[in-house]
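Please work through each task before reading its solution.

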Amino acid sequence: MVWIGDFFGSIADSPSALFSIAWGGVNTTSSLQDKDYRLIKDDRVILAGQTPNRIGSAKVEDNGSFIIETITATNNSILLAFDVDGTQIFKKGAHSCIGYFRLTPDSAHVLWLIRGDLHVYTRITGKHRITRTPPTFRATGVNYIYAEELVLIEHAAHEWYRFSLSGQFLDAEKWKRDQEAENIKAQQGVAPYSAQSALSGER
C-alpha cells in the first residue's frame, strides 16, 4: 500500500521498476471509492486520473504505458489502457471476470484472458483476435515472450503451451500427446494433476 498526499491505495511496479502505477482513493470524504490512479516515476507522480468505476487492479510497463481493470456496479469488467502521457489507447468491456490482462512491453498489443480464451487487440490495425483454447484446457497462467512474440498459456498449473499473437496454437501436437498420456494415466488409476489454483477466467 502507498500514501501520496491525500491519496491512499495499492501499487504495482513495471518489470524493471522504471514506473509504478498506484490505484485507490482520495481521503477527502468518509469513504474511499477506489477510482483514482497515479502514475509514478522516480518517486514522483507524473500523471493523475480517475475512472468512472471502481479500480480492481492495474499494471504498468517499462515505457510508462499502463492498463487498468475497472469493475462496474453489475460486477462486469472494463479494461482501460493509456500511454504514458495519459492518452487512452484502449477500452473494452467484458460480461465476465477477466482472469489475466496486460499490455505487451511495446504497448503494441493488449492481452486478456476470459474463460480460458486469449484475447489479443493490436493497436496499429485495430484488430481483435480471440484464440480459442481446447475445450478441456484449464488456463491457470499467462506469460508473454517479447523477443519471440509468443504467448505462453499454462494448463492446470502444470504445463505451458505456446500460442502466436495471430491465434495459432503452436503446441497443438504437444497438447495432443500430453492429453493421450493423461488418459492412459487415468485408465491406469493414476489421478491427473488438478487445477485448484485456476484463475477466475478459466472454463
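A residue counts as buried when its relative accessible area is under 20%. The model is predicted.

**Exercise 1.** Determine which aromatic pair geometry Tyr161 and Trp175 form, and whether these residues are buried or exposed.

*Solution.* Step 1: the ring centres lie 5.5 Å apart, with 80° between the planes. Step 2: planes over 60 degrees apart count as edge-to-face, and the pair of Tyr161 and Trp175 is accordingly edge-to-face. Step 3: Tyr161 and Trp175 are both buried.

**Exercise 2.** Classify the pair of Phe90 and Tyr121, and state which parts it ties together.

*Solution.* Step 1: the centre-to-centre distance is 4.9 Å and the planes are 45° apart, a tilted arrangement. Step 2: Phe90 belongs to strand β9 (residues 88-94) and Tyr121 to strand β12, so the pair ties together parts 31 residues apart in sequence. Step 3: Phe90 and Tyr121 are each buried.

**Exercise 3.** Describe the largest nonpolar core and identify the element that gives its largest share.

*Solution.* Step 1: this core has 16 residues, and Leu111, Leu118, Phe137, Val151 and Ile153 have the most contacts inside it. Step 2: β11, β12, β14, β15 and β16 each give two or more residues. Step 3: β14 provides the largest share, three residues. Step 4: a second, separate core has 14 residues, including Leu47 and Ile68.

**Exercise 4.** Identify the rings over which Lys59 lies.

*Solution.* Step 1: Lys59 lies over the face of Tyr100, 4.5 Å from the ring centre. Step 2: the charged end of Lys59 also sits over the ring of Phe101, at 4.8 Å from its centre.

Notes
Residues are numbered from 1 along each chain as its sequence is written. This is a predicted model: local features need pLDDT of at least 70, side-chain atom pairs count only at pLDDT 80 or more; totals for chains, interfaces and linings use all residues. Side-chain values use heavy atoms; hydrogens and water are left out. A nonpolar core is a set of buried Ala, Val, Leu, Ile, Met, Phe, Trp, Tyr and Cys residues joined through side-chain atoms within 4.5 Å. Buried means under 20% relative accessible area, exposed over 50%, partly exposed in between (1.4 Å probe, protein chains only). Helices (H or I, at least four residues) and strands (E, at least two) are DSSP runs, numbered from the N terminus. Rings of Phe, Tyr and Trp (its six-membered ring) pair if their centres lie within 6.5 Å; planes under 30 degrees apart count as stacked, over 60 as edge-to-face and the rest as tilted. A charge sits over a ring if NZ of Lys or CZ of Arg is within 6 Å of the ring centre and within 35 degrees of the ring normal.
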